Amino acid sequence: MSSEPALSSSVGPRDRESFFAAQQKNRHATWRMTALCVLTALAMGIPLTLVLTPLFYAGTLLTADVVSYFNPLPPEFWATMKELATLAVRVGDYFFNNKPLDPQLLAVGLAVLLVPGMLIALALWMAMLALFRRAGVGGAMASLNAREPSPHDLHELQLANVVQEMAIASGLPAPRVMLVDSAGANAAAIGTSPADARIVISRRLLDDLDRDQMQALLAHLIGSVGNGDLGIAFAVTSVFETCGLLGTIINAPFGPHARSTLWRVVRYAFSRGGSGTTAEADGIAALLTGDLDLQSDDIDRFFDTGSHRGPVHKFLAFVFFPIFFTNAAIKFTLWFFLTAFLGPCMALLWRSRRYLADASAVQFTRNPNALAGALRNLTEDSTAIPGGVWASHLFVVSPSQDTSAPQDKPTAEQMRLVARAWAESAPAQPARSSLTTGDYMRCCAELIATQRAAVSGDPTALARMTAFHRTISTLVPGPIAQSLPDPADLTAALRGDPAAIARLRSQQQNLGRHHQTVQKRTGFQAESMVAFHPPLKRRLQRLERMGAHVDWGAKQKWSSTKIIGTTIGFLILAPFILAAGALMLVVVAVMIMLNLLFLALWLFAIHSLFGLLAPH
Amino acid sequence: MDFSFAIFALALAILLVIAVGLLYNGLVARRNRVQSAWADIDVQLKLRHDLVPNLVESARGYMAHERQTLEAVTQARSQAISAGANVPARSSAEMQLAAAIGNLFAVAERYPALRATENMQLLQEQLTTTENRIAFARQHYNDMVLDLNTAVASFPRNLLAGLFGFAPAAMFTAEESDRAVPQAKV
């Protein structure tokens with residue numbers, strides 16, 4: 001035994017747990033978290049339906065007015081509407097003025113108020129599930145610059161072998177491996193089910209990790225695939241997509257950006273599938289969740305009174321004004337509940353799956369040290385992978401945002417440059433003077449299609465890509481241009497040319513020295529107060545309990561003053577935080593009330609207008 | 001009154017049948033996994049057999065006068081193939097093959113030119129992975145056996161196991177002969 005127990009606080013036998021026990025613990029945690037998520041989703045549904053249902057009824061009333069203008073509806077219809085309205089008023093009275101109400105009537109009233117909104121939200125969610133089920137998650141990463149590992153390079157051969165070994169150890173079919181030549185070092189599992197799962201891994205990882213660590217990393221990924229994490233990731237993603245779709249639909253009357261997104265969704269729904277489907281799905285999903293932000297220039301532009309809009313536009317602005325309020329109410333409600341409640345619940349659920357995957361990795365490799373070393377190495381590197389920013393929760397380690405690489409949301413200036421360069425690279429198209437956001441989106445789609453054609457050997461596509469690369473290098477000077485790989489090299493690398501692969505690797509390695517990474521949360525982790533990836537320290541602690549030897553460095557002992565200070569700090573802050581949360585809830589309630597008020601006024605105006613205009 | 005009791009008894013019986021069916025299916029699935037894991041080990045062993053001729057050819061160019069070592073590898077391979085399904089002969093033959101290959105690499109260390117060739121590096125990686133795959137296949141088999149044994153022994157499946165004849169399986173252990181350190185023939 002150690003004669004200096006004060007020096008090393010090693011984990012003793014009582015603190016150990018086997019990886020089987022750890023797996024069971026994490027599986028139970030998953031059930032708990034899932035129940036929590038469901039409860040939170042239901043709780044979140046109530047304010048959402050309070051906003052959606054009036055919109056639904058307003059729409060019905062409006063359509064009824066228009067229809068009855070041309071072809072009068074029977075009086076029973078109007079009588080039923082009046083009954084519903086009085087019922088709603090009585091329910092409101094019961095809640096706010098404490099007037100007594102028959103419980104049966106109360107139940108019916110609540111159903112009438114809440115059910116249509118719930119049905120709409122549920123229908124949208126089902127539609128999202130059905131729409132994206134074919135593509136699964138993470139498709140965008142697989143489309144650009146991903147290649148098979150070549151059997152002539154030692155590291156890549158080791159990678160292919162290690163994947164097979166882990167597949168044997170886990171009893172699962174070996175997933176296809178796709179290598180990405182990027183400056184960041186990270187890996188993710190993508191797909192819909194264990195049968196068609198793929199693993200995206202960056203080339204830099206092969207250089208940074210040794211064979212055992214790579215084995216542990218792949219064991220983690222294959223284990224997570226086998227545990228069904230792809231389905232869970234899909235469900236989590238679909239919730240965010242549904243919220244995004246709701247926001248986009250509400251935005252649609254106002255802005256071309258929202259309309260183009262919706263058009264892409266519709267086109268995707270009717271497409272037959274093909275090589276571009278998964279990337280397209282990811283692109284749509286990114287656009288949808290991008291609309292969850294509180295700011296939206298579409299609506300602002302629409303209601304900009306200082307512009308030179310015509311009278312038709314002004315009339316439309318009046319007609320759609322309450323939708324502006326509904327839009328703001330929905331957005332705020334969604335944002336608040338996602339960030340404060342549902343997001344953290346799903347993050348906690350995802351964290352328990354990560355821990356489970358770690359324990360599975362230990363089971364397959366029987367080597368917890370390897371995984372600990374791999375995780376340690378990963379977090380010290382830059383971990384960004386292009387195309388993967390949106391689906392960042394799929395990665396083994398949270399991908400940080402690379403400040404010098406092209407970011408997910410480029411500035412307006414950058415968008416214009418890209419669009420102009422693309423237009424100029426086309427052989428026979430005149431350059432347009434003004435380019436908008438929609439053009440940028442279209443350019444990106446065309447860029448991806450041309451790149452794919454160039455890879456499969458189309459010479460005109462390759463020529464266009466080279467011209468585009470040349471133009472953009474001259475337009476955008478400095479390190480950003482150097483970070484763009486030569487398209488000829490890319491296409492050669494994708495076909496397996498080892499010289500091109502080596503050239504790309506050296507270019508990325510040179511860049512890696514200049515990159516400064518910002519530890520910012522990316523993807524829709526930004527929509528949640530709790531990060532989706534578990535912190536490294538906690539993962540290492542669990543691995544240590546399973547038998548890893550982790551060198552913690554100097555252990556900081558917390559002095560008693562520090563402990564007391566922190567506790568007092570929390571005690572002081574806690575009421576403020578609670579007060580802020582309550583305030584937010586009050587704001588949500590006020591927005592909903594205002595929304596109802598505006599909607600009611602607007603409806604009254606339109607309805608009486610139709611009453612005046614009626615032929616009799 | 002009698003009628004409702006009969007309905008209740010019928011529902012209970014149906015539930016019982018369903019429960020027994022589910023438990024039984026679980027046991028069947030586990031036993032099949034054990035059997036397929038056992039067969040997978042054989043697959044990996046055969047993979048090693050297929051790799052040996054390639055290895056010998058690559059080494060022969062450089063180690064022309066180490067004929068004895070090369071011959072030992074080829075002979076061990078043919079013995080392992082011919083042993084077939086005879087378990088004790090097979091396992092000792094596989095062990096001999098592993099020892100012969102290890103010996104070949106030990107000798108190859110003395111030829112730096114051979115060691116540095118890309119071909120040899122790749123081939124060594126292939127052999128490393130083959131040994132690993134055999135080890136992981138055995139580990140997977142043991143995991144499946146653990147699963148089956150736990151299920152067969154715990155309540156309520158142990159009642160069914162006795163009834164339908166599910167026996168716990170034996171784990172893959174290193175036999176005494178395996179543990180003996182093979183002599184390196186120089």
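1. Contact between the chains. In this predicted model, 12 residues of chain B are in contact with 9 residues of chain A. On the side of chain B that touches chain A, α1 (2–60) and α5 (118–153) of chain B each supply at least two residues, and it is α5(B) that gives the most, with 10 residues. Sorted by class, that side of chain B comprises 4 nonpolar, 5 polar and 3 charged residues.

2. Confidence in the model and in chain B. The scores for the model are ipTM 0.80 and pTM 0.75. Chain B has a mean pLDDT of 82, with 89% of its residues at 70 or more. Among the elements of chain B, the highest mean pLDDT (89) belongs to α1(B), and the lowest (44) to helix α7 (residues 176–179) of chain B. The pLDDT is below 50 over residues 176–186 of chain B, a stretch that, beyond near neighbours in sequence, has 8 contacts in the model.

3. The sheet of chain A. Chain A contains an open sheet of 4 strands, arranged in the order β1-β2-β4-β3 with mixed pairing. Its edge strands, each of which pairs on one side only, are β1 (146–147) and β3 (187–190) of chain A.

4. Pairing within the sheet. Strands β1(A) and β2(A) run antiparallel and are joined by 2 bridges; here A:R147 has A:L179 in β2(A) as its bridge partner. On the parallel side of the account, strand β2 (residues 176–180) of chain A pairs with strand β4 (residues 198–202) of chain A over 5 bridges, and A:V180 stands opposite A:S202 in β4(A).

5. A helix across the sheet. Helix α7 (residues 211–226) of chain A lies across β3 and β4 of chain A, and its direction is at about 20 degrees to β3(A).

6. Packing of α5(A) on α7(A). From α5(A) the contact is made by A:Q158, A:L159, A:V162, A:V163, A:E165, A:M166, A:A167 and A:S170, and from α7(A) by A:R211, A:M214, A:Q215, A:L218, A:A219, A:I222, A:G223 and A:G226. Taken by class, the residues of this contact are 9 nonpolar, 5 polar and 2 charged.

7. Packing of α1(A) on α3(A). What is the angle at which helix α1 (residues 19–70) of chain A and helix α3 (residues 103–132) of chain A pack? The angle is about 100 degrees, and the axes of the two helices are 7 Å apart. Because this value falls within the range of 65 to 115 degrees, α1(A) and α3(A) are roughly perpendicular to each other. The residues that meet are A:G45, A:I46, A:L48, A:T49, A:L52, A:T53 and A:F56 in α1(A) and A:L113, A:L114, A:P116, A:G117, A:M118, A:I120 and A:A121 in α3(A). This contact has 10 nonpolar and 4 polar residues, with no charged residues, whereas the contact of α5(A) with α7(A) includes 2 charged residues.

Terms used. Residues numbered from 1 in each chain as written. Chains lettered and ligands numbered in written order. Predicted model: local features only at pLDDT ≥ 70, side-chain atom pairs only at ≥ 80, totals over all residues. Contact = placed C-beta atoms within 7 Å. Nonpolar A, V, L, I, M, F, W, Y, C, P; charged D, E, K, R; others polar. Pairing = 2+ DSSP bridges. Axes fitted to C-alpha atoms, helices over the stretch in contact; angles between N-to-C directions. pLDDT = per-residue confidence, 0-100. Parallel < 35°, antiparallel > 145°, perpendicular 65-115°, else oblique.
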